[in-house]
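This report describes a helix packing and a set of charged side-chain pairs. The structure is shown first, and the discussion follows.

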Amino acid sequence: MKVVVDEDKCVAAGQCVSAAMDVFDQRDEDGIVVLLNENPPPELADDVRNAAAVCPALAIRIEE
Amino acid sequence: MTEADVRLAPDEPVYYYQDDRDAKCPYAPPPGLRALNDEAPISRGRIWDGSTPWLVTGHAAQRAILSDPRVSSDDKQAGFPYPNQAMAENAPHHPLTIFNADGADHTRIRRMMTRPFTRPRMEALRPEIQRFTDELIDKMLAGPKPVNLTTALSLPLPSLMICALLGVPYEDHEFFQKHARVATTSEKTAEDDRAAGEALGGYLANLLQVKMETPADDVLSDFAARIKAGDLTLPEATLLSMILLIAGHETSATMITLGTGLLLDNPEQLRLLRETDDPKIVANAVDEILRYLTVATFGQRRIAREDFAFEGADIKAGDGIIVPLPAGNWDPVAFPDPERLDLTRKATHHHAFGWGIHQCLGQQLARIELQVVYGTLYRRIPTLRLAVDRDELKFRPADALAFGVSELPVTW
């Protein structure tokens, strides 16, 4: 699984951090998404798919 | 009459949006609104001014339309479906805000407001939210009963938190809560609306000037620094502060009061919150209660920039579009048996905070406030119950910007 984030689209809703905090964080100065691990292990795959699904700005893309 | 009206056959039945809730099920969306979804995910509705914008009620359709760049939030365009007359009259004077800006303008404004509300920052506030909650409950238990939950807990907690974040003195809460109520009600004149805005604006502009001289570690001081640096003007910073102050307490307060009413009507579900100390179970329960109640009943308002086909509908440039969030949150395709409150249901994909780039900025603060309150109140007061018959509760009219009940007398 490979995760790609689009910082320009991100609106700092924080939903990805709630869904998968080992994979996503937010930049402190403006809340923009920070990708901690672009190749998350299989045990986090469901959480990461959920993070992409709840991102209101569609800023997270997953390549399986 | 708008252009959209012309294309409706004169005898075509049109749903009146927004009709009232069923008095027997005040926690559920209006039955007529729910029924629309059985026909199609998009239909027409008539609003207060007689115009007939599109109503997008299906959950998947709401996601699609709220992410569609052919749809605009610009409330200065003719045909925009305003929630009420006061807002329609004042719209030409509205400056650009996170609510009515699109694209790059929206991104620029939003990014100036996001820093204090990130998930990690909100998580760090949890102990303080817990402390305020415990203190308010201590005070409730020490005082007379019955007590109105709204004034004892629902309103003070989010007000204390947003004041601390912004750097607004909580001692002034009666002043700003009074004006915030005008901003969020539909029962007002355009003049009342302007007067409330001017009173709050004057107050916040004054505070911003104080913060320019003596900054502290708070959001208003951030804005004050941006004014000094030339990135923001004083009127812009005043407006951003006002949005945060109003949105920061009124909606959370409504959710605490209304959620408690709903849970007292569903004792089996309430038991789950009373008996768990697992933060994951509480967090899940909060999202289900958010889905179920969806207090932002007025819906997201939009206008089409161009002609396009959508879910079988023929949308034209200039058509008003309303996205009634409660309908999407009760779409049985997305949430099977939507009328069943099930605190174990996976509901994080609900639209209670909206969807798309305008999704609620303060949602992580709201979630943690609700997690702390719902996770604490019923455990500390297991015998909590309504002090009046449910029929006596006075719900706000269906067209209020946030649905709710101002008084919830409880005892234990």
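At what angle do helix 6 and helix 8 of chain B pack, and how many Å apart are their axes?

## Helix packing in chain B

In this predicted model, helix 6 of chain B (residues 119-142) packs against helix 8 of chain B (residues 156-166) at an angle of about 135°, and their axes are 10 Å apart. The crossing of the two helices is right-handed.

From helix 6 of chain B, the contact involves B:Met122, B:Leu125, B:Glu128, B:Ile129, B:Phe132, B:Thr133 and B:Leu136. Their counterparts in helix 8 of chain B are B:Pro156, B:Leu157, B:Leu160, B:Met161, B:Ala164 and B:Leu165. Classified by residue type, this contact has eleven nonpolar, one polar and one charged residues.

Side chains of opposite charge can pair when their charged atoms come close. Over all chains, the structure holds 26 salt bridges. One of them joins B:Asp102 to B:Arg305, with the closest N and O atoms 2.8 Å apart. This pair links distant parts of the chain, its members being 203 residues apart. B:Asp102 lies in the loop between helix 4 (85-90) and helix 5 (103-113) of chain B, whereas B:Arg305 lies in the loop between strand 6 (300-304) and strand 7 (308-310) of chain B. B:Arg305 counts as partly exposed because its relative accessibility is 43%.

Are B:Arg291 and B:Glu288, which form a salt bridge, buried or exposed? B:Arg291 has 0% relative accessibility and therefore counts as buried; B:Glu288, at 0% relative accessibility, likewise counts as buried. The N to O distance of this salt bridge is 2.8 Å. Both residues belong to helix 14 of chain B (residues 279-293), where they are three residues apart, about one turn of the helix.

## Further charged pairs

B:Asp342 and B:Arg340 also meet through their side chains in a salt bridge, at 3.4 Å from N to O. B:Asp342 is buried, with a relative accessible area of 16%, while B:Arg340 counts as partly exposed at 42% relative accessibility.

In chain A, salt bridges with shared partners join A:Glu7, A:Arg27, A:Glu29 and A:Asp30 into one network.

How values were computed:
Residues are numbered from 1 along each chain as its sequence is written. Chains are lettered from A and ligands numbered from 1 in the order in which they are written. This is a predicted model: local features need pLDDT of at least 70, side-chain atom pairs count only at pLDDT 80 or more; totals for chains, interfaces and linings use all residues. Side-chain values use heavy atoms; hydrogens and water are left out. Axes are lines fitted to C-alpha atoms, for helices over the stretch in contact, and angles run from 0 to 180 degrees between N-to-C directions. Helices (H or I, at least four residues) and strands (E, at least two) are DSSP runs, numbered from the N terminus. A crossing is left-handed if the near helix is turned anticlockwise from the far one by less than a right angle, and right-handed if clockwise. Contact means heavy atoms within 4.5 Å. Ala, Val, Leu, Ile, Met, Phe, Trp, Tyr, Cys and Pro count as nonpolar, Asp, Glu, Lys and Arg as charged, and the others, Gly among them, as polar. A salt bridge is a side-chain nitrogen of Lys or Arg within 4 Å of a carboxyl oxygen of Asp or Glu. Buried means under 20% relative accessible area, exposed over 50%, partly exposed in between (1.4 Å probe, protein chains only).
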